[in-house]
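Here is a short report on the charged pairs, nonpolar cores and surface of a predicted model. Please have the sequence and the structure open as you read.

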Amino acid sequence: MLRSPVTKGADGCWSVSGEQATMALQLGLFLIWAGVSVFLQLDPVNGDQDEGVSTEPTQDGPAELPEDEECVFPFVYRNRKHFDCTVHGSLFPWCSLDADYVGRWKYCAQRDYAKCVFPFIYGGKKYETCTKIGSMWMSWCSLSPNYDKDRAWKYC
């Protein structure tokens with residue numbers, strides 16, 4: 001017969017065995033470590049202070065970027081080409097303001113995500129609109145003129 005690690009003492013109080021208490025402490029420490037790790041990664045990408053693009057919080061909340069600053073697609077960040085907003089290095093989607101990332105960036109708003117590129121090449125064929133070819137049921141488009149080369153796409 002198995003004994004439960006939780007027992008009720010003569011005083012009516014419940015107690016846990018030393019082994020169970022140790023495991024609970026270890027789990028608690030792990031969860032604290034995991035939470036701190038995530039917290040420290042909230043915003044590792046740094047904005048460019050010299051260009052007037054500030055991400056420092058103000059009394060009214062985060063600083064807003066100038067409206068005329070546009071995402072540049074594709075952009076290269078850490079030797080990888082990105083055709084749309086990315087969460088690489090951040091928990092929130094962002095984009096570069098330069099073709100080669102040099103520190104100027106912004107968080108993506110709905111209007112910032114990459115647009116479909118028409119016409120595009122898929123399977124050696126030219127497409128002028130979104131297509132369901134190669135998809136089970138949803139239409140998609142390429143984010144570059146040549147899907148066969150870049151493999152960048154999104155649902156329409």
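Glu-69, Asp-98 and Arg-104 are linked in a network of salt bridges. A salt bridge here is a side-chain nitrogen of Lys or Arg within 4 Å of a carboxyl oxygen of Asp or Glu. The structure holds four salt bridges, including these:

| Salt bridge | Closest N to O | Burial |
|---|---|---|
| Arg-104 with Glu-69 | 3.6 Å | both buried |

Buried means under 20% relative accessible area, exposed over 50%, and partly exposed in between (1.4 Å probe, protein chains only). Arg-104 counts as buried because its relative accessibility is 13%.

The model is predicted: local features need pLDDT of at least 70, side-chain atom pairs count only at pLDDT 80 or more, and totals for chains, interfaces and linings use all residues. Residues are numbered from 1 along each chain as its sequence is written, and side-chain values use heavy atoms, with hydrogens and water left out.

**Nonpolar cores**

A nonpolar core is a set of buried Ala, Val, Leu, Ile, Met, Phe, Trp, Tyr and Cys residues joined through side-chain atoms within 4.5 Å. The largest one has eight residues: Cys-71, Phe-75, Tyr-77, Cys-85, Trp-94, Cys-95, Trp-105 and Cys-108. Strands S5 (75–77) and S7 (94–96) each give two or more residues to this core. Strands are DSSP runs of E, at least two residues; helices are runs of H or I, at least four; both are numbered from the N terminus. Apart from this core lies another, of five residues, among them Phe-120, Tyr-127, Cys-141 and Tyr-147.

**Ser-144**

Ser-144 lies in the loop between S11 and helix H2 (147–150). Is Ser-144 buried or exposed? Ser-144 is buried, because its relative accessible area is 1%. Its side chain makes a polar contact with the side chain of Asp-150 (2.8 Å). Such a contact is a pair of N or O atoms within 3.5 Å; within protein, one must be able to donate a hydrogen and the other to accept it, and residues adjacent in sequence count only if both atoms are side-chain atoms. Pro-119 is 25 residues from Ser-144 in sequence, yet 9.1 Å away in space, C-alpha to C-alpha.

**Trp-137**

Trp-137 sits in the loop between strands S10 (125–127) and S11 (140–142). Trp-137 counts as exposed because its relative accessibility is 61%.
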